[in-house]
Every structure is written in C-alpha cells, then in structure tokens.
Amino acid sequence: MLLDTPVARPTRAIVEPPPAPSSADDTLLSLLARNAATHARRVALRERDLGIWHEYTWRDYLDQVVALAAGLEALGFEPAEPMLVIGDNRARLYFAMLAAAALRGVPAPIYPEVPPEELAHFARERARFAIAEDQEQVDKLLELRARTGAPEYIIYDDPRGLAGYAASGLIDYETVVARGRARLKADPGLAADLIARAGPDDGAVLLHSSGTTGRPKGVLLKHRRVLAAIRNAAAADYFREGEEYVAYLPMAWIGDFVFSVGAAIALRFVVSIPEGQETVLRDLREIAPTLYFASARSWDNLLTRLQVGIDESTPLKRGLVAFFMRLAIDIERRRLAGERPRPWWNVLRGLGELVVYGPIKDHLGLGRAHRCYTAGEAIGEDTFLFFRALGLNLKQFYGQTENCALTAAQDDARVRLHTVGRALPGVEIRIDENGEVLIRAESVFDGYVDDPDATARTLVDGWLRTGDAGYLEPDGELVILGRVGEVVHTSAGERFIPNYIENRIKFSQYVRDVAVLGAGRPFLAAIVCIDMEAVGHWAQVRGVAYTSYADLSQKPEVYALVQGVLRHVNGVLPPPLRLRRFVNLHKAFDPDDGEVTRTRKLRRNVIEKRYAQIIDAIYAGASEIEFEARITYETGESGVLRRRLTIMDVGA
Amino acid sequence: MKKVLATLTFLAAGLAAASPGAAQDKTIKVGTALDFTAVYTFLTAEYSQGQRDYIALLNARGGIKGHPVDIMVVDTGNQPQRGIEAYERFKSEGAVLVDFLSTPVSRAVVPRALNDGINVLTMFHGRSDAADGTVFPTIFPASPSYWAQATAIIKYIEEQEKGNLKDKKIALVLIDSPFGREPIPVFEELSKRLGYKFSAFPYPSPGNEQSATWTQVRRERPDWTIIWGAGGGQPVSVREAIRNGIPIDRLASVIWLSETDMNIVGASQTKGALRFEGVAYGKDVPLIAAIEKEVIAKGKGAGPAERVGSTYYNIGVATMAVFAEGARLALEKEGGPLTPAKLKRGLESIKDYTADGLLPPLTITSEDHQGGGRGRIAAWDGAKWVPKTDWIAAHQDIVWNLIRQESAKFKNSGN
Amino acid sequence: MFYRLAGVRHTSYAADRALWPVPVDRWQIRALLALAVGAPFLLPDLYLTSYLLPWLVWSTAALGLNLLMGWAGQIHLGYAAVMAIGAYGAIHAVRLGIPFELALLGSGLLSAAIGLVFGFAALRVKGLYLAISTLAMQYLVDWIISHVPAISGGSQATLQAPAFRFLGVPVAGDWSRYYVALAVCVLVTSFLLNVGRTSFGRALAAVREKDFAAAVIGVNAFYFKLMAFWCSSFLGGVSGAVLAFCYYRAVTPEQFNLDVSIQAVAMVIVGGMGSVIGSYLGAALVLLAPIVLNNLVGAFARAAALPLHQEVLSHIPLILYGVLIVGFLLFEPLGLAKVYANIRNYFLVWPFRHARH
C-alpha cells in the first residue's frame, strides 16, 4: 500500500469553511422544512422511471414526507418503533425513512439482496411496519411474517404484480399518502406538529454494522450525531452546498444515508436516483454528479471497463489514449511525489483534456465531478493514479458506521496513496498502545441496540474503539493497515495481514477476488477468482475459446496469466511472505453464499471451511483436486457440482 | 459539421478563383463558358480553337491598340447553373464580353447580363429577338438570326425556281424543340407571300431516330426539303433524306451542317447538299491564312492544325474578330481602359466589317444588333463547301417584324 | 471528442424526442443558421449567388423529393416536371398581379394537384413500373410546356421572372433573393426534420417498408401514398418557384428537363434516403462538385502549365465527378448522410469504438 515516501507539498492557504449547515437543535425534519421554505422550487430529488427523470422540489419532498407521516400515524405507527425499509434506492423509500423519523420512529434500511432466511437477523426488532420497493421484497417480507408474525403493515412503492395479493396489511404507498393528506386537510396544525415532533436526540436511522466478524449489530444514529458528522465534513470542505449527487449505493449502508439524506438535506444537494442497479453507469452520464462516491472495487471495475473499451477501440483512438494516459499518469505520479508543477504539464494536460481526459470523463458521467471519494478498502495504485490522472479529484476518506462514516479525509494538498487523510475538524484520533485507532467526536454513536456487552467493548471512556490497526504520520495523516484482529502468523512465526497482500493482488484487473492463506501454515498460498469481464475479453482477443466462468478459470492460458500477476506481487514482498502456490476457483466469491459481505469483504472463516478440501490439497502439494462444489440456486435450493481444479506453483 | 463539405468546396473554389490572371489593367478579358462535354460537343472544340487562335494572332500582333487580350475558357456541360457560375466568375474577374455558345445557358444568363451591362456575344445561337438593340442593349447576335437564315434559304430556292414558287412544295424537317420550331412563322409568312405549299415535319429530340418522320416526308414528295437541326441529328437527317429518295441537291440545311456530318454520311454520296453559311469556309480566307502563318506555323495553335479552316473553326474566329473590331473602335474613339459600356458602343459602331473576307459586310447599330442578316448558300462538292451565291439578305421586313414582336413580349414579361 | 453528453437528461418524453438533445448539435445548428444569415456579409457575391443560393434552392427541392423517395419509398423520375409546374405557375401568377407569397403557395398547390394525379399511378404500380409512369409525367409536362407558347412564353420559350415583393419588401438584389431562398429552405427543412417525429412520418415509413404490412397494422397505404405525392409535389412546386424567381430569374424548358430530374434523384440517393442533412450534402455534391472540380482542374492545369487541350481538360472533371459519385456510393451505399453519421458517431463515442453501456 505504500508508495515511495512522498514529500508533502506546502499546504496552501486554508479556504474559509462554508457556513455551518446546521445547529445543535436541528433535526433532519427541521432542516427539510427550512429547505422547503427557503428553496421551495429548487429540485431536491430526481428519480429516473422508464427513461424519464421525475423531479421533486424541496416543497414536494416535505409534502410527501409529511403526508406519509400523517398516514403512518393513522395506521398506528408509534414513537421509537422501527420501520423496515427494503429495496433499491427509490424516492419514496427515502420519504418513508424521513416520515418514520418524523414520528420519532426509527427507519431501518436493509440490503435489498438479503435472502429471506437472513432477513430475520435484521428484523429481530420485530418491526410492525415495513416499506418495500416491489413485489420481490413484499414476498420476502410476507415470508418473514409467516415465520415471525411481523411486520404487520407492508407498504409498497411499485404496485406491479401485487394486484392479486390478498394478504392483510399490504398497502399501496399512494393509499397511505392519501390517508395522510385527508388528515392534514382536516387538521391544519398537523403538518407543523409533525415537523417539530422529533428532537435532535431521537434516532434518525438504525443501521447494521457490516459485521466482518459475526452477526451484524444494530447501530442507532441520532439526528444530533448525523448532523454533527456532516458539519465536521463540511468544515473540512469535504462537500459543499448544492452538490449534484447520485444515490445508487445500498440504502442500508451508512454512506448512503449520510450523503443522500443527511448531507443532502443539510446542504441542499440535488440527489438523483438511477432507474435501477443495472443502469447506474448509464444513468450516471445523464446525472453528471459533482460529488461522487464509489468503493475501491467500483473504481477498479470502472477502470477495467474503460480498459476493455479502449482495447477494442480503433488504433488511432487507442494510441491517443495510451499516449495521453501514460503522460498524465507520469505527471500525477510526480505531483503526488511532491514535484513542483512544470509549465509544460499544463500545456500537455490541456491538450489531453480536450482529446482524451474530457471525453473519458464525459463517458463516465464524471465530467463535472469536483469531488470523488473512495473508502472502505485500500484502492489500487494503478486505479488511483489513473483516475487522478484523468483529472478527477479522487481522494480517500476513512470512517465507520459507528461514527456516521465520517472520521478522516484527505485534503487537496495532501493526497497520498497510503494514507486516508487527517481527522476532520471536531474529530479526535488517538492510536492506543496495541496500535488500534480510537476516535472521539460528537458524531460517534451512543451504543449498539440491545447489546450492552458489545457497546461496553466498543465505547471505552468516551472513545470509540474502531478495531482498525493503524498509525499517525508526523503530519497527522492517518494510515490504516488492516483490522487488529487480522494480524496472523505463519507456522514459522512470520506476521502478516492477509488483506494487505490480497489488496495488492486485486490491483490487477484480471483478479476479482483473492483469499490469501497461510495462518498457521508453512507458506502463503492464494485462492484466486478471476474477473470475468477482463479475463473474458483477454481470452477473446487471444482466441481462447471458453464456455463459462468455470471453464475459463481452468484454461492453462488463464493460469499463466494469473501466475504472472502473482509473480509481480511477489516481487515487492519479503521472501518468507511470498506466495508459493495458487488455485483458480471455478466461481467468484458471492455474498449469497456468505463468502463475502455485501460490501465485498472476505469472510475468511466461511472460505476456509467451504474450501478446506482445496486448501488441504494446496498444502499437500497436489497438482490438481477434484472438488465437490456446493452451489446455491436462485430459488434458494442448493446442489453439488464436481469440479477438477488445477493447483499451480507460482514459481520465480 | 453539416457544411464542412461546402466550406471545403468554397475554399477550393476560392483557390481556383485566386489563379493568376489579374495581370495589368490594360489586359482585356473575355470569358467563354462553352459546352465541351454535353450537347454542343459537335462544334465546341473547333469553335473554341478558332477563338483562341485568333486571340493568339491578335496578341502576337501587339493586342488591340496595345491592349493584350486574355480569353478565359471553361466548360459548362450545357447546364444553366454552371453557366451562371461561370458568368458570375467572369464578372468578378472583370470580363467585358462573354460567350456561352449554348442556347439554354445564354437564355439563363441574359437577364443577369442585361442587369450588369456586360456584353454577351451570341453569334449563331441564343435569342433571335436579341437583335433588337433597344430591348437587349448588351446582347449581340451579330449574325443572321434563324429567321434570316430561313429567308435566305427561301430566297435561294426562289432564284433556282426562276422566281416562281407557286404550287411548289417545301418541306421543313425539324427537331421538335423551340430551336427547331423557331423558323416556322417565317416559312409560313413567306408561303403566303410567294405561294408555295409549306409543311413541317418534326422529329423528336435529340434526333437519333427520324425514320418515321422521313416516311411522311417521302409521301409529301416535296420539291425542296429544308432540314433544321443541330449536332447528331443532322447526319441522320441527311442519310434519311437520301434513303427516302429526296434529291440531294434540293436539300438545304440551317447553318449547323458541317463537313464532318457529310463525311459521316459519305462524302461523295452527299455531293450537292446545300447549307446556309454565315462565315466563309476554308483556309483560303486571308484572315485564316494569316492565322496559319503567324500562329499555327509557330506552334502556338490551341489545337490540332488540321481543324484550321473548318466550318466551326472559322465561326470561332469570326466571333473574336467581331469582338476585336468592336474593341478597336471603342479604344480608338474613347481610349483605354476598355469597359463593357465602351465596348458596347464600339460594337454598335461597326460598319461594313468583313474580317478580310471571312464575314459578310457587318453593320451594327444601337437598334440593329443582327448586323444586316446577310449570309450565303453553299453546296457540298464532295470535299469542300462551294458558295453558290453572294452574301445575300432577303425579306428582312418579316425578320424584323418577328424580332420586334418577340422582343416586345420579353420586355413585357420582365415587369 | 467534441460531444459532451454528461448531464443530458429529460424530464418528459416530449423533451426526450427533441430534435437535438445533444448540446453540441444544438450549437452546430445555431452556428450554421448564424452563418447562413450572415453569409451575404461574409461571402463574395460570386459565391453567394452562384454557389450558396442554388445550393439552398436545390437542397429544398431535394428535401421535397426525399420526402417521397426516402420517407415514403416511392420513386419519382419526373421531379423536374413538378418543379417546372411550380416555376411556370408562380411566374404566370405574379404576372397576373397575384402577390408573390400567394403565388408561391399557389404554385405549390398547383404542383401538388398535378403531382397527385400521377401519384395515383403509385397506387397500382411499384418500383420500376412507377419509375416509368413518373417518367411519363416528365415527358408530358415537358412537351406541354414547350408546345404551348402561352405557357412557355413564345417562340423564344423564355419567360422573365417579374419583379416581386416578399412580405412587403421589394426583392431585387442578390441579397434579398438569397434571403427569400433561405427562408423557404429553413421552413421546408424544419418541416422535414419534424416529419419523422409525427404519426404522418411513421405512417410513411410503414408504407415504405411494406405497403400491405402497413395496411395490416392499420395504416391506410392508399391515403398516405397520395399524401406523400401531394406533399412532395407541393414542396417541389415551391422550390421550382423559388428557383425561377431567386436564381434563374427567367424560365426556359431546358431548366426542367429529364437531366434535371435525374440530378434530383441523384441528390437524394447520393445524399442519403430519408435524411435531411443528406439532402443538403447530396445537393452540394451533385450541383457544386462539377463546378468546383472544373475550376480546380482548370486552376491546376494553368498553374502547372499542363500542355493539355481544352477538350481533354474539360473531360477530366467529368471523370473525377463520376469517380466521386461511384466512390461515395461504393464506400457508403447509404449515402453521404451515412458518411456524416459515421463521422459524427466516430466522435460521439470517442475515445471508444462503440457506444458504451
């Protein structure tokens, strides 16, 4: 993760921070009402439906929230009651979250791809109310109800396919809103009352920590916490008023709530919601956001897609892109290394902007993106440099659900590959004697729901124990190495963090996922999941015929390709930590199989258990293994497939 | 993006326009936009060669009163829009006189030329009514109109028939176009005056196929047959006439019948055929002899030497001779530089000009741009054209009635 | 490279169907319109009157023919005759004292009425047979015009375009004639641009693809074929009138003979069937390429002092012109419009080969 030791550039004069977006007494509702009063006709939300963007102004936004809240109350929604929100990003789901918050309830968004049996973990609060995006989610909730008796009321957004459902408590969103409107008409003071009911210490959202270890834990974030986090970030110029933002990340992820709801209301963003997950990249171009967040994986995928596209382009275009990208990456590398800008950089970059960088950014829909962020996992050097070289101000930040996602961020003057930036104003960071990162801030949460033990372990003396291993550089920049719990030893006693090596391997566009083995073993080895798109294209170009992912992964040519990638990584690892053997898995790791989390973090224990056969064969020195793969069908049923997998030595 | 192509063409055309040509002020510019590639191909090459050779002779002799002459030549393909483009280009280059040798192109350009005051020389083509200088001040036919040609042919026939045309049958075999139909009123008027029986037999344009028409002509058994066409239709007419038993020495043609046509049909078979001639034929004419000596012999000719003296070559020479005479008179009277207006007055003061025997005596006035309407009848002797008459003009009253009648229509139509 | 599509979005289907959703295209159109309006100030009169003006008029005519050939799929080999009817109609009308604007409309209506009669042929025959029936129209109209002196204007067969006023302004100079032609051209162009977005345009396309299939899906092929002939003839008549008044200023039968019909068809085919921009490009190539080539070859021969005879020199452009037309059609059988679309697309997807996503 470390680049050559960078020399810090002189810090430029600090820009005056924008006015505080909110005060301590505010709630998301009061800020929404403020927006509706001061910027009634300004667009707040945009939602794409059948190719057309439907717009909601701030007045429409408030109107929907208040009407829905009134309708929910009429159904018997009570304070402190959780409300499940399940589905892809939809405007009405956001309205429902705020409507629940207005009634002092707790909106609890859930990842839409959570299978029915896992839903119970998230729904342990026995929520009586749920809002679902479409028929698929309604079915899941009905199944949940059959099992647990809750939720009692299921409100749905998209009525398609639901006309014949006779289940009780299944209500159309429109119906609830209509009922609410009727109440609002009858009681003129109700609207103001609904807006003012929630206080800063009421819960704004209930999320679940991603749970790399064990089951997800409920994290309740109060209005006060969320708004404090946004104030801190705004003070660091992390985002500004009126950004164009695209809401495409899962609603159950803290980042989406903070960006698409919290900051959007506090700083009056225009939030655009794509038509669906499949159309995000396409819709992104229509949205042209000014503020864009994507995980390191997404940036990698984007780069892979770009490279595939450019590889099959015409020779002239390909040549121009290759020339200007090499140039820009070189300039960016030097700039990050602290070299003074030379005049010719600007000339060449200006030309490149016209011919290559501008068009590519336009294609990505990032032509207007002034602030691009990534967080979660470390981003690959190639990817990071590529997008920065394009002229995107891509920066890293660091945060966790427990601290409203906003803890530290890079500023323009100190962008470096291995750091995640410095603490935001209002956030204190300390490294304890074990190397763990501790945080103290107004934005830190108040404890896990119904789990005092975990709370006591996490919140110690007013400090949040993050579980991340890291250190502070002399200039205050935070470096994150991995999870404290991730440090493992080989049988020879060599310390290493598998994740760190895995990230280096994944910087190759051909590798989608990789699990590095070696804890308690004599040497390191890897289970590799190739990237279908990149390797598929690579094979196509070279005339390697294949039928499926499994087939492609076992091609000798592909093995040679992956071997090359691993050898490259070995080159920068100390000899005892070099990878000796590897296997190409016949499938990619899948959250549905529990191998990775929804945010694509490895679940090591699951992998080690499921692929124990393979792992044993690797360390037994076998050159191939007949593996019985257990697969899960879309229907939820599972079956067994036999696969013969090659195991190969990495070699020198 | 849309008009990039057009921009390129403009650039290209601009490039072409910026060609060397803007020499000294003294240079007199003449523009000829001819049809080298479409309909008038039968004569254009020889015609243009004659024009350029004559200009070469003029320049070799020191120009017109010390003014060199620059002749610009372009192809129009007989398309009016290309003619208009050429005309506008000549205008911007400062041409004092233009020549198009194409009836459609001349007609399309006439309104513009009248408006701009640039002289158009329309010898043996174009509007016959342009002979009326009061209506067409800058259009100079300077040659016998088709109406005058018709009267001259009838005059010859009248003489051959000893002045008695009563009950004689005269047939006109014509191409079915305005050009072909143009002389009909003259023949009809004269038939009233002279008592012959006139009938017209049109064949469809372009005249490659005339057999049906000639079958009718044979049935009519005319005493005299006149063919009125141009280009490829002419040898067809002559061949059909022979095949249908029309006596060849009683077959007369409008001016557009050349030695080439006769050779196509058969030089000896066609012996005796008659044609109207507005310009002397052959190399014996002093002016043509001079060209041969001073231009061709020195290798400065604009084309193959064997064309010198041919019918259309000589017509080309004649056009430039008339222009040069007009220019000379203008420069003599008014001095240089030569403007279109001066040239017009110069042309209108031409009096009894014969171009050393090439032309019938030509006298142009501001009213009469036809120049007298004289011509002669010549017969094909198997190798060359032999004049059968002097330069004659007849029944000019009929001709001028028609000129005035048509020019009046033109005048009215513009308002 | 120049096309920036980020942020182009629509909040209604009407906006989604806009003619030029891409900002660059809109700027192009604005720039072209500005250039067209400013052309008299920018171009020497030579180029205005003998290049730009006839190009605009012929593009208008090609658009009219393209409506019939490209949109409705009906061939017409007598389009020059349609234009002739408009030209003679308008000149006679103005000479009778009818205002030019009405005469223009009237000439369109007259052409449309006569064109419609021949359109009836299209109801019974298709393809080559229709080509022959429309050819008959060409010959018939030619013959009538040149044999009826009352129409053609006497034995010299030339009719001067009388002086006229357009919207109260006397049209006399090159500039005013150009603006009249430009106005008509812009009107016709915007009509054709929008035809594709209307039910009329879609019905024409259905008839073009297969008339009885169109009938099966409820499109009255009878009605729409006639409508196509009517509209196309109307536009032909109007452009013929504009050609007579603004460009030739006098009409003779040769200006509307079969060659001209063939040229009009060539403009549509070389330009691109069913394409507005193709009509412009086709008109430019067919009308202007011979002139430009001629000038270029002439200038080159003079500059290089080539010892070539004028006859040879005159035929070189003709050969080049033929090569150009055949070359374009071999290179891109769908016409210049497709060439333009390819170029546009090349830059639209820049730096990729295909559209992404």
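Predicted model: local features only at pLDDT ≥ 70, side-chain atom pairs only at ≥ 80, totals over all residues.
## Extent of the interface between chains C and B

In this model, 54 residues of chain C are in contact with 55 residues of chain B, and the two chains bury about 5200 Å² between them, with 60% of that area on carbon and sulfur atoms. On the side of chain C, Q156(C), Q160(C) and Q310(C) lose the most area to chain B, and together they account for 13% of what that side buries.

## Polar links and contributing elements

Between chain C and chain B there are two salt bridges, one of them joining R307(B) to E311(C), where the closest N and O atoms are 3.0 Å apart. Residue pairs in polar contact between chain C and chain B, both at pLDDT 80 or more, number 12.

Several elements of chain C each supply at least two residues of the side that touches chain B, including α2 (23-42), α3 (45-71), β1 (159-160) and α14 (310-331), while α13(C) gives the most, with 12 residues. By residue type, this side of chain C divides into 30 nonpolar, 19 polar and five charged residues.

## A five-stranded sheet in chain A

Chain A contains an open sheet of five strands in the order β24-β25-β26-β28-β27, with mixed pairing. Because β24 (511-517) and β27 (624-632) of chain A stand at the edges with a single partner strand each, one side of each is left without a neighbour in the sheet. The twist from one strand to the next averages 30°.

Within this sheet, β25 (residues 524-530) and β26 (residues 579-584) of chain A pair in the parallel sense over five bridges, and the bridge partner of A526(A) in β26(A) is F582(A). Helix α21 (residues 612-620) of chain A packs on the sheet, touching β24, β25, β26, β27 and β28 (638-649) of chain A, and the direction of this helix makes about 165° with that of β27(A).

Methods
Residues numbered from 1 in each chain as written. Chains lettered and ligands numbered in written order. Heavy atoms only, no water. Contact = heavy atoms within 4.5 Å. Buried area = accessible area lost by both parts, 1.4 Å probe. Salt bridge = Lys/Arg side-chain N within 4 Å of Asp/Glu carboxyl O. Polar contact = N/O pair within 3.5 Å; in protein donor to acceptor, adjacent residues only side chain to side chain. Helix = DSSP H or I, 4+ residues; strand = E, 2+ residues; numbered from the N terminus. Nonpolar A, V, L, I, M, F, W, Y, C, P; charged D, E, K, R; others polar. Pairing = 2+ DSSP bridges. Axes fitted to C-alpha atoms, helices over the stretch in contact; angles between N-to-C directions.
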